[in-house]
Amino acid sequence: MSGQVVEESVSLKKFEREVREWRQQSAEHTKRGIFLLEAEFPKVFVVFAASHLIPASVIFAVEIDFTNYNLWPLSVRFVQPFSRDPFVPSNLPKFLRISPSPDHNPATPRVEQAVMFQEDKGEAFLCMAGVREYHNHPAHNGDSWLLHKGTGMGTLFHILDKLHEFGIAPLASLNFALQFQFNGFQYGVR
Amino acid sequence: MKEVEHLREELSDLHEHHQNVEVVVDGTPYKVPYNDGTSVKALIREALQLSGNSGRSADEWQVKYDGKVLDEKDKIKDLHLPDSAVLFLSLRAGILG
């Protein structure tokens with residue numbers, strides 16, 4: 001799908017309203033580590049940090065595209081926070097929904113992946129109803145965006161909230177690996 | 001049925017001796033009344049009613065405070081929210097992948 005099919009002023013109005021509403025709560029969003037840094041129609045650039053970790057760490061960023069919104073759902077593109085290069089499978093953090101297993105055994109929680117790569121290559125996409133990449137995917141052609149539009153799903157707030165829920169909230173700690181290597185001797189007079 | 005009746009009672013009591021808590025419903029803030037008997041579930045219903053969100057059932061929504069999803073069975077008073085607390089109400093994600 002490409003091209004402009006919705007009167008641009010309509011999408012622009014919705015873009016301005018959703019960005020304005022987000023910014024009205026920006027102090028609360030910042031506490032959670034969500035920073036809406038740029039908003040120039042049709043795109044917003046948002047950086048996510050794990051504010052609950054020590055040290056607090058920047059984890060990922062997304063570029064959200066309002067083209068033809070909301071006849072089309074929003075597009076979500078995962079980019080590295082500083083270079084804005086797309087992620088590859090080896091460097092994208094995991095996006096997980098962790099919930100109790102049916103038998104409520106805490107040792108075996110149910111874990112679902114929210115972000116994936118098409119055939120483990122190409123760009124990462126958020127595989128969730130309300131996101132353009134999900135609805136454009138052949139595996140989801142039975143789940144039309146028009147069934148969700150206007151219900152609270154797929155708004156800027158909804159998507160950023162879910163990205164935080166799956167990408168930031170499950171992070172429990174930073175893992176460090178230290179490696180020691182023998183590097184010869186030091187010499188001196190005894 | 002019993003649960004629905006119970007929730008109705010909770011909601012009808014809300015406007016007596018109530019306090020308000022700010023709930024952001026899909027990005028828009030609302031002052032939502034609650035009292036000592038109000039559960040998280042009843043607060044969700046009240047917030048959806050105030051915001052005119054009727055497109056999805058209340059069971060499809062979740063409310064968060066400080067980035068964590070609140071248990072629907074908890075009473076609001078037991079959460080000991082500060083006066084400045086802001087809760088966020090958003091739709092659950094449904095099936096992923």
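Colleague: Are α1(A) and α4(A) parallel, perpendicular or oblique to each other?

Modeller: Bear in mind that this is a predicted model. The axes of α1(A), residues 8–24, and α4(A) make an angle of about 50 degrees and are 9 Å apart, and the two helices are therefore oblique to each other.

Colleague: Which residues in α1(A) meet which ones in α4(A)?

Modeller: On the α1(A) side they are Glu18(A), Val19(A) and Trp22(A), and these meet Leu156(A), Phe157(A) and Leu160(A) of α4(A). Sorted by class, that contact has five nonpolar residues, one charged residue and no polar ones.

Colleague: Switching to the interface, how many residues of chain A are in contact with chain B?

Modeller: There are 27 residues of chain A in contact with 24 residues of chain B. The two chains bury about 2100 Å² between them, with 52% of that area on carbon and sulfur atoms. Of the area that chain A buries against chain B, 27% is supplied by Gln25(A), Thr151(A) and Phe157(A), which is more than any other three residues supply.

Colleague: And how many salt bridges are there between chain A and chain B?

Modeller: The count between these chains is two salt bridges, and one of the pairs is Asp161(A) with Lys64(B), whose side chains meet at 3.1 Å, N to O. Between chain A and chain B there are also 11 residue pairs in polar contact, counting pairs with both residues at pLDDT 80 or more.

Colleague: Which elements give two or more residues to the side of chain A that touches chain B?

Modeller: Those elements are α2 (26–32), β6 (110–113) and α4 (156–167) of chain A, and the largest share, seven residues, comes from α4(A). By class, the side of chain A that touches chain B has nine nonpolar, 10 polar and eight charged residues.

Colleague: How many salt bridges turn up over all chains?

Modeller: A search of the whole structure finds 17. Among them is the pair Arg77(A) and Glu123(A), with side chains meeting at 2.9 Å, N to O.

Colleague: Now the backbone: is the peptide bond from Phe41(A) to Pro42(A) cis or trans?

Modeller: That bond is cis, with omega near 10 degrees, and Pro42(A) is placed in the loop between β1 (34–40) and β2 (43–50) of chain A. A cis peptide bond also joins Ile54(A) and Pro55(A), where omega is about -5 degrees; Pro55(A) is in the loop between β2 and β3 (57–65) of chain A.

Colleague: What about Asn68(A), is its phi positive or negative?

Modeller: Phi of Asn68(A) is positive, near 60 degrees, in a residue other than glycine. Asn68(A) lies in the loop between β3 and β4 of chain A.

Terms used: Residues numbered from 1 in each chain as written. Chains lettered and ligands numbered in written order. Predicted model: local features only at pLDDT ≥ 70, side-chain atom pairs only at ≥ 80, totals over all residues. Heavy atoms only, no water. Contact = heavy atoms within 4.5 Å. Buried area = accessible area lost by both parts, 1.4 Å probe. Salt bridge = Lys/Arg side-chain N within 4 Å of Asp/Glu carboxyl O. Polar contact = N/O pair within 3.5 Å; in protein donor to acceptor, adjacent residues only side chain to side chain. Helix = DSSP H or I, 4+ residues; strand = E, 2+ residues; numbered from the N terminus. Nonpolar A, V, L, I, M, F, W, Y, C, P; charged D, E, K, R; others polar. Axes fitted to C-alpha atoms, helices over the stretch in contact; angles between N-to-C directions. Parallel < 35°, antiparallel > 145°, perpendicular 65-115°, else oblique.
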